[in-house]
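The stops below follow the chain.

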Amino acid sequence: MPGFGPAQGSVIAQAASGSGEGDDDTTNFMLAISGLNTSDTLFSLIAIYLIGNLRSGIAVYMSYLIAEFSLYHLFVFIFASLLAVAVSLFLCLKLGNSFSKLMGGVDYRKLSIAVIILMIIILYVFTFYYQVNVLYITLALITSTTMGLLPHYLGVGKSHLMGVSIIPAIIIYMQTFIRLLGHHLLFLLLFQ
């Protein structure tokens, strides 16, 4: 579905399971989020193969690396995804408690500031490397940062930000759907 990602899926999963209304069921929440993220990645890979639709940023990057996405590539990536899930599950079960205790002592504010600075540095490194217009990238950075902070100050969920991309995505997909439907109707009219 256009504009439908793991954030929207987690809201639906929490509503369907009855959690989320003041419940502190961390295990079910982590399972739901992990499952949704994995399935979103797998569905993106399947969408590349079946309809040539690049649903995520990683899919766009993969399209630069692989000229023609074949069934072989799909199986390799699905196998790699499932292997990564299995290894991460094992590591999470073995190291999860000790890692959460270690992370409990980290200053979240300093970590957030460090990550933001690192992301901005990486953004401008790639901007200069690919010789992109710096003014355009700076404007996009300011706009996306403002949009990301807006739900926090308005008291709404960040998953609502996907609403910005739903209308353009529906218009694009509707044009493709109408074109395909027209081709099929023409085919049926000609050969009946």
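Select α5, residues 108-129, a helix (a DSSP run of H or I, at least four residues, numbered from the N terminus). Its 22 residues should span 32 Å at 1.5 Å a residue, and the end C-alpha atoms lie 31 Å apart, which agrees; the expected span is 1.5 Å times one less than the number of residues.

This is a predicted model, where local features need pLDDT of at least 70, side-chain atom pairs count only at pLDDT 80 or more, and totals for chains, interfaces and linings use all residues. Residues are numbered from 1 along each chain as its sequence is written, and side-chain values use heavy atoms, leaving out hydrogens and water.

Colour by pLDDT, the predictor's confidence in each residue, from 0 to 100. The chain averages 78.

Next, select Gln 131, which follows α5 and has a positive phi near 55°.

Move on to α6, residues 134-154. Its 21 residues reach 30 Å from first C-alpha to last, close to the 30 Å expected. Just after α6, Gly 155 has a positive phi of about 75°.

Now show both helices. Which residues of α5 meet α6? They are Ile 120, Leu 123, Tyr 124, Thr 127 and Phe 128, and their partners in α6 are Val 134, Ile 137, Thr 138 and Leu 141; contact means heavy atoms within 4.5 Å.

Notes. Helix = DSSP H or I, 4+ residues; strand = E, 2+ residues; numbered from the N terminus.
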